[in-house]
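Please work through the following exercises with the structure open beside you, and try each task before reading its solution.

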Amino acid sequence: MAKKLTYYDYLRQEMTDMVEQLELPDLCKQSLKSRWLDQVVWADKKAEECRRWHYRLRLTAIVGGVVLPALVGINFQLGKDNEYFRIWFPYVPFALSQIIAVSAAAEEFLRFGDRWREYRRLAEDLKAEGWEYLQLTGPYRYKTHEEDDSPPPLPRSRMSEVSVEDWKALKPRGENNESTTHQDVYTLFAGRIESLIKNDVQSYITTLQQKQSKEQEQIKQMLKTAEQVSTDKTLFAQHTPAPQLPPYPAANLPHNGFGAMGLPAQPAMFNAPGQPAIAPAPPQMAQMPPTAIAQPPAAFTPPPAPSTPIPQPTVAQPLTAFTPPPAPSAPIPQPTVAQPPAVSPPVEQTAIADVNAKILASALKLRGMSTADGPDGGNNACAWTVNKVMQDAGIRPLGDNPNYVPSVLDALQQRRGQQVSRESAKAGDLVVAHGEAHIGIGLTDCCSRVLSNSSSRACFVWESDTDFDGYYGGQSTIYRLKS
């Protein structure tokens, strides 16, 4: 079976047959085939090759740019539903983004689109000039009297630049002009073909030089900018590390009688009107000997124990949160010092509830805050954001490294917090995602809604359920801050 001819083989064969039929010497025929016909086929083939590559690279960049956002959205959704997809599917958008970048860079550097248009113009100019010569039309129709009167050969795309006087030189001058033959105008045709090829080469070199000059200017500008940055000492002076939340000095921590507990004093809650001495009473009672209990402060008259027959029961009613020990004369066999610890748990619970209220208020206040100043430009700023809320609430930062979730979790587990169940969780509790990968602040009881940093938006706006909408593939742990 005979091999099917390509378009370029067909073009070469047809043109060769036509050249062979011309009444020209063999040398002229060989020159036409080696110079003009070879350039026509080469330019046509290069134009088609550049066109294909231009379409491939451009379509890859365009279609990939349209598909990439959809893949990112699918990746986010599948990551919550299927663990298998969450492992390998993120590589698909990454690979596609690299393909788009490589396609755009290759097209920008190799300029297939510009080269395609240049080769196509050259091929069409050569074809048109050859057809005019073969058919003896245009400038090859008549003999000219003087060769110097003919206009300078130009590409057909620039023929509009030839003046009217130049065109008159190609028109017949009187009745003495005779019809010409291919041999008579062969030299004119050969000269015009060489001019077309020469102009194309010069145009290509000029464009290349202009592009190289532009690139050199850009390189010089980048080097100049880099030198200015490297010699500018103020840039290094302005550089600051990741923000660290300063802890409260020990001297500024209010003391309310609980020693190492370090609970902030709450004068408005513990020193309410009518109960001026209740707050300092527990530590005093825990340190006083039994004999000193008989001398209560002047501002406070303890009620008698329920077993003593004192006919004044109304005095014992206002103090529901504190039961003082009976007087030494009362016949109570239990030691009176054992009673004050019963006052401590309600006070501690009240203080913790107040801490939760402060955290919740600060979280709602800072909601929508930009976290671009945090680690990785806000991409990994969940712990940093939580400590920002702590700072606004007047609470010491959590963790030796306040920007690292495991460090914050270690502080909660060791001394600063206690783990609570979902049923007993309150607004203001801290919610740590599965795998210690994220942390947020509960907005409601049971922490059914959690506010945390949004990595994609670099903003404190992500509101999710307790398990962060299943994004981290497991159940979250809830901690309540004690101090």
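The exercises below concern a predicted model, and each task is followed by a worked solution.

**Exercise 1.** Determine how helix 5 and helix 7 are oriented to each other, and describe their contact.

Solution. Begin with the axes: those of helix 5 (residues 112-135) and helix 7 (residues 186-231) come within 11 Å and cross at roughly 175°. Angles over 145 degrees count as roughly antiparallel, and the two helices are therefore roughly antiparallel to each other. Next, list the residues that make the contact, which include E118, R121, D125 and Y133 of helix 5 together with Y186, F189, R192 and Y204 of helix 7. Finally, sort the contact by class, which gives 9 nonpolar, 2 polar and 6 charged residues.

**Exercise 2.** Describe the space and the lining of the second largest pocket.

Solution. The second largest pocket holds about 480 Å³ of space. Its lining consists of 22 residues, and S455, S456, W462, Y471 and Y472 lie nearest the centre. Helix 2 (26-81), helix 12 (382-392), helix 13 (405-416) and strand 4 (450-454) each supply at least two residues of this lining. By class, the lining has 11 nonpolar, 8 polar and 3 charged residues.

**Exercise 3.** Classify the aromatic pair of W53 and F112.

Solution. A search of the whole structure finds 11 aromatic pairs. For W53 and F112 the ring centres are 6.1 Å apart and the planes lie at 20°, so the pair is stacked. As for its place in the chain, the pair links distant parts, with W53 in helix 2 and F112 in helix 5, 59 residues apart.

Technical notes:
Residues numbered from 1 in each chain as written. Predicted model: local features only at pLDDT ≥ 70, side-chain atom pairs only at ≥ 80, totals over all residues. Heavy atoms only, no water. Axes fitted to C-alpha atoms, helices over the stretch in contact; angles between N-to-C directions. Helix = DSSP H or I, 4+ residues; strand = E, 2+ residues; numbered from the N terminus. Parallel < 35°, antiparallel > 145°, perpendicular 65-115°, else oblique. Contact = heavy atoms within 4.5 Å. Nonpolar A, V, L, I, M, F, W, Y, C, P; charged D, E, K, R; others polar. 1 Å grid on protein atoms, 1.4 Å probe; cavity = no way out; pocket = protein on both sides within 12 Å on 5 of 7 lines; lining within 4 Å. Points joined across faces, edges and corners; volume = space filled by probe spheres on them. Phe/Tyr/Trp six-rings, centres within 6.5 Å; stacked < 30°, edge-to-face > 60°.
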